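This report covers helix packing, an annotated domain and the surroundings of a ligand. The structure comes first.

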Amino acid sequence: ASQKPVLLTGASGNLGRMLARELAALGHTLVLTDIKPFPDDLPAGAKFTTADLGDEVTMHHLADGCGAILHFGGVSVDRPFEEVLDPNLRGLYHIYEAARRNAARVLFASSNHSIGFHERSEKLDYDCAFRPDSFYGLSKAYGELIGRLYWDKHGVENLNVRIGSCFPEVANARMLSTWLSYADLARLCDAFLKAPRVGHAVVWGASDNPASFWGKDHRDRIGWQPQDTAETARAQVKDKVSGNPVVERYQGGDYCANDYSRAA
Ligand code: 15L
């Protein structure tokens, strides 16, 4: 566990803003960055710099002296290849080189869309095959694999959180399986920052949902257990389904159906 500053990318996004607030309140010293300005009051002790993940010099400068990087920056939804390329592939390289120079550990906000073409009837463990459902999901698989490379080759520790659906509320039937509460994510990040050793780890980013698609992972390494559950929202959301058979068949839901042109 490091008392050094923590670099949080994507700080102006929904999850970044929440984490900036919660982690500052837990006593972490934060270096915040995003391509967009930070819309809230800065938490105590935090600094914010507007920057592009494609700007290698600035990324390395921001990471100087940091003990950990929480990487929530980049394109966070299904977008065309050209839009994903710079932030999510080149940007990951800049983050990992910065981590290597500082002997910092990395938490990568990966996504269920890296494995989205597994069927909902499957229960997956951390070592399941990547089955990306979009160029976005493919970039998340790449982000996990660059972590694998930097651990094996350079000893850069990293935790890859395959986030399900991290929103304030459970909004539809799929989220009975995929929902991650804000509080569970904040506790996960805090546990990561305090863990003595991480290595290369994969954790399913979901609350304690009985209908989860996901099983074994490396959560014991950081001593994290989710405390919230989507199940309490079942009555309100159980009928909120898409009616599209491709969406309902696969774990990645609507990302699987976007631009889908397979005949059978
Ligand atoms: C994600 O990766 C997205 O960032 C988020 O907006 C949701 O679409 C989420 O996955 C999900 O699968 O619900």
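The end C-alpha atoms of residues 6–167 lie 23 Å apart. This span is 38% helix and 20% strand. UniProt, in an unreviewed entry, assigns "domain: NAD-dependent epimerase/dehydratase" to residues 6–167. Its positions follow the numbering used here, feature names are shortened, and annotations may be inferred rather than shown by experiment.

The model is predicted: local features need pLDDT of at least 70, side-chain atom pairs count only at pLDDT 80 or more, and totals for chains, interfaces and linings use all residues. Residues are numbered from 1 along each chain as its sequence is written.

**Helix pairs**

Helices (H or I, at least four residues) and strands (E, at least two) are DSSP runs, numbered from the N terminus. Axes are lines fitted to C-alpha atoms, for helices over the stretch in contact; angles run from 0 to 180 degrees between N-to-C directions.

| Pair | Angle | Axis distance |
|---|---|---|
| H1 (residues 14–25) and H6 (residues 182–194) | about 60° | 10 Å apart |
| H2 (residues 56–63) and H3 (residues 81–102) | roughly 40° | within 9 Å |
| H3 and H4 (residues 135–154) | about 20° | 10 Å apart |

H3 packs against H4 at about 20°, and that makes H3 roughly parallel to H4. H1 and H6 are oblique to each other. Angles under 35 degrees count as roughly parallel, over 145 as roughly antiparallel, 65 to 115 as roughly perpendicular and the rest as oblique.

The crossing is right-handed for H1 and H6, for H2 and H3, and for H3 and H4. Right-handed means that the near helix is turned clockwise from the far one by less than a right angle; anticlockwise is left-handed.

**Contacts**

Two residues are in contact if their C-beta atoms, placed from the backbone, lie within 7 Å. Ala, Val, Leu, Ile, Met, Phe, Trp, Tyr, Cys and Pro count as nonpolar, Asp, Glu, Lys and Arg as charged, and the others, Gly among them, as polar.

From H1, Leu15, Met18, Leu19, Glu22 and Leu23 meet Tyr182, Leu185, Ala186, Cys189 and Asp190 of H6. That contact has eight nonpolar, no polar and two charged residues.

In H2, Glu56, Met59, His60 and Ala63 take part, facing H3 residues that include His94, Ile95 and Arg101. The H2 contact with H3 has five nonpolar, three polar and three charged residues.

**Ligand**

Which residues are around the ligand? They are Ser76, Val77, Ser111, Asn112, His113, Ser165 and Thr178. Each has its C-beta atom, placed from the backbone, within 6 Å of the ligand. The shell has one nonpolar, six polar and no charged residues.
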